[in-house]
Amino acid sequence: MVAPGENMKIDAERLWDSLMEMAKIGPGVAGGNNRQTLTDEDGEGRKLFQSWCEKAGLTMGVDEMGDMFARREGEEPDLPPVYVGSHLDTQPTGGKYDGILGVLGGLELIRTLNDLNVKTRHPIVVTNWTNEEGTRFAPAMLASGVFAGALDRDWAYAREDADGKTFGAELERIGWKGEEKVGDRKMRAFFELHIEQGPILEAEGKEIGVVTHGQGLWWLQVTLTGRAAHTGSTPMSMRVNAGLGMARITELVHTIAMENQPDAVGAVGHCDVYPNSRNVIPEKTVFTIDFRSPDQAKLDGMKARLEAEAPKIAEELGLGIEIEEVGHFDPVTFDEGCVSAVRNAAERLGYSHQNIVSGAGHDACWINRVYPTAMVMCPCVDGLSHNEAEEITKDWAAAGANVLMHAVVETAEVVG
């Protein structure tokens, strides 16, 4: 493979302007974004991305899950393309960079190749995966999971949001249900640029994270059923309090994670309480437990302990309990060759870097099951993400996009 010269750099101002322009769609209430998947705002963001891709001379494909694939032709079109990208959907109170940097960083590398008239043997495809966040429709990384054959397409279509709307119906409603069969595309490799979503790179003063592994996760949705009653007139000994059960299981989750240190985390991040009235003892709670670890034995052990001990808590309080698996993937080891391409790019460009394990799930984790994959990370301020205060610097964005471009172009093979 011919490595691109170290003087080949993206246009940092153009990348930043694109990030800020996309952030105008689905603005949050505190400076971030609310562009949840398959909303009108998601549709508007997709149209903007499509228009930029068309101006860059790319051809757009869309599959049955709404995944967007913008292709720059290679000198040998029959060769498997090098894919790059991430996601444009956000959390309800999300930032301007989580996922978006990976998509627009991919577009920027194409713009740069066009500016410099650089040709590659293999085509390059910039990807926007549908429903990476998993907030509106669980689980996360839904479309990339279907692409990788880990999740069933019709099962994905049937996923419901809090209002009972299905993924499939909403995908059709916003006009982004394509006809291309999911997973039919062949890849030479896939690269994803992402903000770290943690504090390590900033604390260590590193510009680039070379992602070698990804944590596995279990999402368990727990439903506790009790009895609604007046908070003022019901004796304490006669209550069947689903809220109390949720509190005790939340404490259990914390205990399990702490007793599996290091390299294990756990929390309850989402909950619904019914009837959610200040003077009514909760009759039902529905909440999601998130366990993560790069160690398969720890990950499965934490799940098993929760499933063994949570029913005992429910029984003690007279509650009914159901535990449903709503999300899972095993720990990931990224492709050695792709990881080396990222590391070599960082070294060639003179960026400080270190190996890192991704604490969050990403579309790359599913794609790694079927094609060689790697990730590039850049720091984020105070490690803050999934928050409207999420922030990065223009220099961090440029460094990540430059490393991404060099790794992608080396893999796609420069012509001449």
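In an unreviewed entry, UniProt places a "binding site" at His87, Asp98 and His194. UniProt positions follow the numbering used here, feature names are shortened, and annotations may be inferred rather than shown by experiment. These three residues are spread over 108 residues of sequence but cluster in space, with a largest C-alpha distance of 9.8 Å.

The model is predicted: local features need pLDDT of at least 70 and side-chain atom pairs count only at pLDDT 80 or more, while totals for chains, interfaces and linings use all residues. Residues are numbered from 1 along each chain as its sequence is written, and side-chain values use heavy atoms, with hydrogens and water left out.

His87 sits in the loop between strand E3 (82-86) and helix H3 (100-116). Helices (H or I, at least four residues) and strands (E, at least two) are DSSP runs, numbered from the N terminus. The relative accessible area of His87 is 0%, so His87 is buried. Buried means under 20% relative accessible area, exposed over 50%, and partly exposed in between (1.4 Å probe, protein chains only). Not counting residues up to four places away in sequence, His87 touches residues including Asp98, Glu133 and His194; contact means heavy atoms within 4.5 Å.

His194 lies in strand E5 (residues 189-195) and is buried, with a relative accessible area of 1%. The side chain of His194 makes a polar contact with that of Asp98 (2.9 Å). A polar contact is a pair of N or O atoms within 3.5 Å; within protein, one must be able to donate a hydrogen and the other to accept it, and residues adjacent in sequence count only if both atoms are side-chain atoms.

Glu133 is in the loop between strand E4 (124-128) and helix H4 (142-147). Its relative accessibility is 6%, so Glu133 counts as buried. The side chains of Glu133 and Gln91 make a polar contact (2.8 Å).

His386 is in the loop between strand E15 (373-378) and helix H12 (394-412). With a relative accessible area of 41%, His386 is partly exposed. Leaving out residues up to four places away in sequence, His386 touches Gln91, Thr93, Asp98, Glu133 and Gln197. The side chain of His386 makes a polar contact with the side chain of Asp98 (3.2 Å).
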